[in-house]
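Reader: I'd like to learn how to read a structure like this one. Could you walk me through some of its features?

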Amino acid sequence: MVRAILCTGACVAASVLLAGAMKADGLSERARKLHFSCIVVDTHDDTTQRLLDGKFDLGTRTSAGSIDIPRMREGNVGAIFFSIWMPSKVTGPDAVNRAIVQIDAVREQVRKHPNDLVLATTAAEIREAHKQGKIAALLGVEGGHMINSDLGVLRAYAALGVRYMTLTHSGNDEWADSSTDKAVHNGLTDFGREVVREMNRLGVMVDISHVSDKTFYDALETSKAPLIASHSSCRAICDAPRNMTDQMMKDLAAKGGVVQINYHVGFLSQAFRDAEKANPELNRAISAEVTKRCADNEGCQLIEGDRITREYVEQGKLPRVEFSKIIEHIDHAVKVAGIDHVGLGSDFDGANMPYGMEDAAKLPKITEALLQKGYAEGDVKKILGENTLRVMTDVQLISRELNGGKQKQESRLQ
Amino acid sequence: MRRMVAFLCLISCSCAGLFLARCTAADDIAERAHQLHFSSIVLDTHADTPQRLLTGTFDLGKRDAEGHVDIPRMREGGLNAQFFSIFITGKTLGPPAIQQALDQIDLVRQNVQQHGKDLALATTAEEIRRAHAQGQIAILMGIEGGHMIGNDIRMIRVYSALGVRYMTLAHFYNDEWADSSTDKPAHNGLTHFGTEVVREMNRQGMLVDISHVSDKTFYDALEVSRVPLIASHSSIRAISNHPRNMSDDMIKVLAAKGGVIQINYERNYLSEEYRTAFAAVAGDVSRMEEKFKKECGDDNVCIGKAEIRLEKELTEAGKLPHVSWEKIIEHIDHVVRLVGPDHVGLGSDFDGADMPDGLEDCSKLPKITEALLRKGYSEEDIRKILGGNILRVMEQSEKISKEMQAAQ
């Protein structure tokens with residue numbers, strides 16, 4: 001309580017000082033006020049990989065990577081989905097084991113930082129966390145291979161707090177085709193449809209980032225709840241199979257879903273993608289350097305991959321991509337899918353960030369840019385988080401209906 | 001209520017006449033026992049019913065001719081809190097053990113959800129009391145064998161988060177960090193990692209179960225654990241000299257630290273006469289898994305049935321003695337005489353062991369209450385044995401867990 005009063009005092013003092021002015025960071029008072037009054041939801045962060053070596057602590061500001069509590073505070077992140085991830089080639093019980101360990105790692109970080117973080121599984125819990133001045137931590141499983149074709153494992157994840165699952169990662173899994181693999185299932189298999197239905201029942205959002213176009217349409221047809229693309233951008237701007245076509249975005253929106261824009265330069269910029277494609281040795285060189293620095297430490301690989309890519313850009317070997325590209329994708333998606341169907345899915349700590357969006361502290365710039373583009377404050381608020389919160393609420397309501405109106409027993413986690 | 005009135009009337013009517021005085025006294029005990037039993041929280045800490053759920057054909061909601069536990073029979077026996085055992089063979093290790101354990105936990109959770117009117121998943125003493133007050137049966141979970149953590153301490157937290165409230169440190173075979181009572185010692189009790197597991201269990205509010213472990217593992221766990229230990233399903237070695245049972249000294253030190261031994265109803269553990277006869281004709285009861293390996297593989301329901309069949313054949317052939325359910329009372333009474341009424345409870349091993357004559361399933365549980373009352377036990381002490389003692393240990397565990405987590 002004392003803290004709240006102090007904070008209010010400090011905030012008032014700050015706004016008096018800043019009235020009408022722009023700070024050195026180029027943020028207008030209007031944007032600052034708006035941004036810091038919104039619940040900002042980011043649906044995809046690979047920070048979990050950094051937690052696995054036991055050395056990285058979310059509470060300490062670091063210069064590497066994009067996410068820690070101080071920088072989330074600075075950027076006013078209200079809710080963050082920590083991604084549970086491992087390469088598609090890890091399968092069977094090993095994949096289950098590794099996923100469980102990652103879920104535990106996130107939960108442990110939440111337990112270690114009770115003043116800053118709280119585990120959330122619903123939109124209501126995110127709002128409650130926001131009220132208490134805490135950042136809501138959520139869990140998403142990035143790749144259906146981690147359930148080892150076992151609905152019991154899916155339910156275990158749900159019980160531990162997982163609230164979305166990406167149906168595949170870069171490789172096909174046993175029951176769904178990926179957008180970056182050779183199609184073998186023609187989309188979703190029968191079991192894959194069963195997985196989607198069970199996710200609906202459990203209130204786990206169906207995430208169609210990474211999946212093939214056919215898998216997307218199969219999931220759209222099967223799912224009783226709206227879908228999300230937790231971290232995908234627009235194919236009309238950058239022709240990557242990981243991005244969504246205009247038609248896919250329209251169809252997603254028609255069923256109430258949301259596309260969460262991914263900030264990866266290779267998905268934002270056609271020029272960057274073309275340069276990468278034109279010069280495959282560059283990628284090989286980056287991979288070799290990453291392996292040299294990180295061996296098989298995946299958390300390190302993701303961070304160093306971003307750093308080395310930056311070095312190549314500095315050397316003029318790859319084009320420089322500005323953060324304004326994110327705004328271009330948001331704006332395109334809004335035009336195609338509608339204002340109610342776009343959100344943020346950074347891919348922080350798992351991708352190569354554009355200039356100006358190096359970490360979570362830079363997020364207010366998105367608000368500033370959207371306002372400058374003429375977006376209404378209410379619309380900015382939707383993009384920053386309200387659209388995602390709406391889908392979460394819808395998914396939960398549908399789950400409740402599918403369970404015969406009964407409150408799910410695992411709704412409240414310890 | 002109406003049934004109760006009818007019942008009372010029946011007693012008084014049948015008691016009218018010549019034998020009035022004697023009959024009143026006897027039936028007074030029966031009635032008191034009934035009242036006492038059905039107003040108490042009867043908490044059993046070990047049933048292998050999840051193995052039956054795994055078959056996919058067994059429905060908890062229907063009265064079954066086989067097995068020992070289902071909702072109708074639990075209602076009939078006044079059994080209102082039951083730990084379901086999560087069990088896979090100790091020969092399965094690593095990630096496959098973890099996945100199978102997760103599947104069984106899910107299976108229990110799914111079944112509880114399916115029978116939401118009758119059952120409620122409980123993880124604390126308070127939740128058990130709440131379920132009881134609402135007329136629901138509380139279902140809890142215990143993991144039977146440390147091998148299911150896949151040698152990874154983090155799994156304790158995961159299982160705890162999923163609702164598991166005790167873990168038996170080993171099963172019939174040693175695991176990677178604790179010796180079993182029915183295997184050749186390999187670790188001299190608990191390894192250093194094993195002591196860390198125990199401490200993490202304390203921190204997570206997961207009771208440390210020393211059934212199945214070697215004597216040395218027991219003493220090691222006793223030294224390390226900040227929370228009183230439980231033996232979720234063990235009986236008395238002084239009565240039946242099986243390594244799965246506890247010696248008087250073990251019971252004394254367990255009790256001195258506030259722990260509870262929950263009596264197992266398996267015939268081999270109840271009766272020395274039976275145990276020696278069984279060992280002579282069928283081998284040790286801890287090796288049935290190997291004995292029926294060819295026939296059953298890892299199917300524990302199959303192993304259980306094969307065992308029951310074998311025992312029936314041998315008993316009918318006169319090669320095995322009958323064991324009466326009254327042996328259970330003898331075991332309970334032995335503990336009470338040794339360390340008082342605060343350190344003994346019920347850990348049937350329903351659906352995982354061969355029940356004695358007269359306690360064929362959980363519907364027969366009121367007989368235990370009546371027998372104890374007839375033996376002169378106070379109502380208060382009987383309530384403790386039926387469930388109060390284990391609720392006390394759960395509350396202590398919850399308190400210490402909170403303290404340890406706050407101190408982090």
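Author: Take one pair to begin: D45(A) stands opposite F82(A), which belongs to strand 2 of chain A. Before going on, note that this is a predicted model, where local features need pLDDT of at least 70, side-chain atom pairs count only at pLDDT 80 or more, and totals for chains, interfaces and linings use all residues. Residues are numbered from 1 along each chain as its sequence is written, while chains are lettered from A and ligands numbered from 1 in the order in which they are written.

Reader: What does "strand" mean here, and which strands of chain A pair with strand 2 of chain A?

Author: Helices (H or I, at least four residues) and strands (E, at least two) are DSSP runs, numbered from the N terminus. Two strands pair if DSSP finds at least two bridges between them. Strand 2 of chain A pairs in the parallel sense with strand 1 (residues 40–45) over four bridges, and with strand 4 (residues 135–142), again parallel, over six bridges. On the strand 4 side, A79(A) stands opposite A136(A).

Reader: Is strand 2 (residues 77–84) of chain A mostly covered or exposed?

Author: Go by neighbour counts: a residue is buried if 20 or more other C-beta atoms lie within 10 Å of its own, exposed if 12 or fewer, and partly exposed in between, with C-beta atoms placed from the backbone. Strand 2 of chain A is mostly covered, with eight of its eight residues buried.

Reader: How many residues of strand 2 (residues 81–86) of chain B are buried?

Author: Six of its six. Look at both faces: A81(B), F83(B) and S85(B) are buried on one side, and Q82(B), F84(B) and I86(B) on the other. Strand 1 (residues 43–47) of chain B runs parallel to strand 2 of chain B, joined by three bridges, and L43(B) has A81(B) as its bridge partner. Strand 2 and strand 4 of chain B also pair in the parallel sense, over six bridges, with Q82(B) opposite I139(B).

Reader: What do strand 4, helix 7 and strand 5 of chain B make?

Author: A crossover is right-handed if, with the strands pointing away from the viewer, the path from the first strand over the helix to the second runs clockwise. Strand 4, helix 7 (residues 154–161) and strand 5 of chain B make a right-handed β-α-β unit. Strand 5, helix 8 (residues 192–204) and strand 6 of chain B make a right-handed one too.

Reader: How many residues does each chain give to the contact between them?

Author: Two residues are in contact if their C-beta atoms, placed from the backbone, lie within 7 Å. Chain B gives 19 residues and chain A gives 18. Helix 5 of chain B supplies the largest share of the chain B side, 11 residues. D103(B) is found in that helix, and is buried, with 20 other C-beta atoms within 10 Å. Leaving aside neighbours within four places in sequence, D103(B) is in contact with D150(A) and G152(A).

Reader: What about backbone angles?

Author: Most residues other than glycine have a negative phi. S149(A) has a positive phi, near 50°, and sits in the loop between strand 4 and helix 7 (151–159) of chain A. With 17 other C-beta atoms within 10 Å, S149(A) is partly exposed. N188(B) is another non-glycine with a positive phi, about 55°, in the loop between strand 5 and helix 8 of chain B. N188(B) counts as exposed, with 11 C-beta neighbours inside 10 Å.
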